[in-house]
Amino acid sequence: MSRSMAQARTALVATGRELVDLGLSPGTSGNISVRVGDRMLITPTNESMGSLQEDRLAELDLAGNHLSGPRPSKEFTLHRAFYRRSPEARAVVHLHSVNAVACACLEPWSEVSAIGPITPYFVMRVGQTPLIGYAPPGDIAQADELEARDQPFRAALLANHGSVVAHTDLASAVNTAVELEEACKLAVLTAGRSPRMLSHEQAVELAVKYGSPWST
Ligand SMILES: [Zn+2]
């Protein structure tokens with residue numbers, strides 16, 4: 001096994017535990033993956049993220065062929081979609097965290113983002129986050145929609161389901177998912193109350209300065 005693959009296994013196990021400790025992985029929900037070369041390492045199906053083991057992770061190629069380890073989460077298609085659309089992505093975090101799910105049950109703020117520019121940190125660290133239409137978990141067409149969506153983004157909400165975030169490394173993907181969860185909480189708390197948002201100019205200024213996706 002290559003050194004980078006061994007490091008990826010260690011990082012996935014530690015990150016799974018961290019997400020459970022943060023209360024972001026109710027039950028056995030959510031899944032995380034890392035891309036190493038042309039392969040992805042992902043959490044197995046029906047496994048609590050708090051009890052992952054380094055030698056019990058699923059290894060797939062980017063075509064979705066199962067190469068080794070236990071059966072992957074059926075939601076691997078979401079991960080593959082992000083790796084295909086974002087060559088720089090090296091980690092994907094998918095959560096059923098309560099505020100992300102609640103927000104994903106509301107009407108989106110706009111065509112390109114489920115949440116408006118509600119705080120500077122949401123714009124800087126997450127950026128525009130499209131709402132992808134509902135489909136049963138593991139649905140290929142939904143993953144295809146995410147892959148083909150014609151706008152820049154590093155995070156999306158899946159209608160009535162949860163969040164999915166991609167980044168250049170696992171720690172950054174987790175930090176972004178945590179920031180998204182906080183923004184979703186604010187969106188839910190202020191829903192129907194006409195909250196003041198940052199102006200378009202204010203949001204774009206931050207996005208340009210911090211290199212985040214915001215084009216609304
Ligand atoms: Zn899910």
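Modeller: A residue counts as buried under 20% relative accessible area, as exposed over 50%, and as partly exposed in between. The structure above is a predicted model.

Biologist: By that rule, is Arg-39 buried, partly exposed or exposed?

Modeller: Arg-39 has 36% relative accessibility, so Arg-39 counts as partly exposed.

Biologist: Which residue does Arg-39 meet in a salt bridge?

Modeller: The side chain of Arg-39 meets that of Glu-59, at 2.7 Å from N to O. Arg-39 belongs to strand S2 and Glu-59 to strand S3, so this pair ties together parts 20 residues apart in sequence. Glu-59 also forms a salt bridge with Arg-9, where the closest N and O atoms are 3.4 Å apart. Here the tie is between strand S3 and helix H1, because Glu-59 lies in the one and Arg-9 in the other, 50 residues apart in sequence.

Biologist: Are Glu-59 and Arg-9 buried or exposed?

Modeller: Glu-59 is buried, at a relative accessible area of 8%. Arg-9 is buried as well, at 9% relative accessibility.

Biologist: How many salt bridges are there in total?

Modeller: The count comes to 5. One of them joins Arg-125 and Glu-179, with the closest N and O atoms 3.3 Å apart. Arg-125 is in helix H4 and Glu-179 in helix H6, 54 residues apart. Arg-125 is partly exposed at 43% relative accessibility, while Glu-179 is buried at 17%.

Biologist: How should I read the sheet?

Modeller: Strands of a sheet pair through backbone hydrogen bonds, either parallel or antiparallel. In this model 8 strands form an open sheet with mixed pairing, in the order S4-S3-S2-S1-S5-S8-S7-S6. S4 (66-68) and S6 (131-132) are the edge strands, each pairing on one side only.

Biologist: In what sense do S2 and S3 pair?

Modeller: S2 (39-42) and S3 (58-61) pair in the antiparallel sense, over 4 bridges. Met-40 has Leu-60 in S3 as its bridge partner.

Biologist: And the nonpolar residues?

Modeller: In soluble globular proteins, nonpolar side chains tend to be buried together. The largest nonpolar core here has 44 residues, of which Leu-19, Val-93, Ile-115, Leu-157 and Leu-180 touch the most other members. Several helices and strands supply at least two residues each, including H1 (3-21), S5 (91-95) and H7 (200-210). Helix H6 gives the most, with 8 residues.

Biologist: What does Leu-180 touch?

Modeller: Leaving out residues up to four places away in sequence, Leu-180 touches Ile-115, Phe-122, Val-126, Thr-129, Ala-155, Leu-157, Ser-163 and Val-165. Another core, of 20 residues, lies apart from the largest one; among its members are Leu-60, Phe-82, Tyr-83 and Leu-158.

Technical notes. Residues are numbered from 1 along each chain as its sequence is written. This is a predicted model: local features need pLDDT of at least 70, side-chain atom pairs count only at pLDDT 80 or more; totals for chains, interfaces and linings use all residues. Side-chain values use heavy atoms; hydrogens and water are left out. A nonpolar core is a set of buried Ala, Val, Leu, Ile, Met, Phe, Trp, Tyr and Cys residues joined through side-chain atoms within 4.5 Å. Buried means under 20% relative accessible area, exposed over 50%, partly exposed in between (1.4 Å probe, protein chains only). Contact means heavy atoms within 4.5 Å. Two strands pair if DSSP finds at least two bridges between them. A salt bridge is a side-chain nitrogen of Lys or Arg within 4 Å of a carboxyl oxygen of Asp or Glu.
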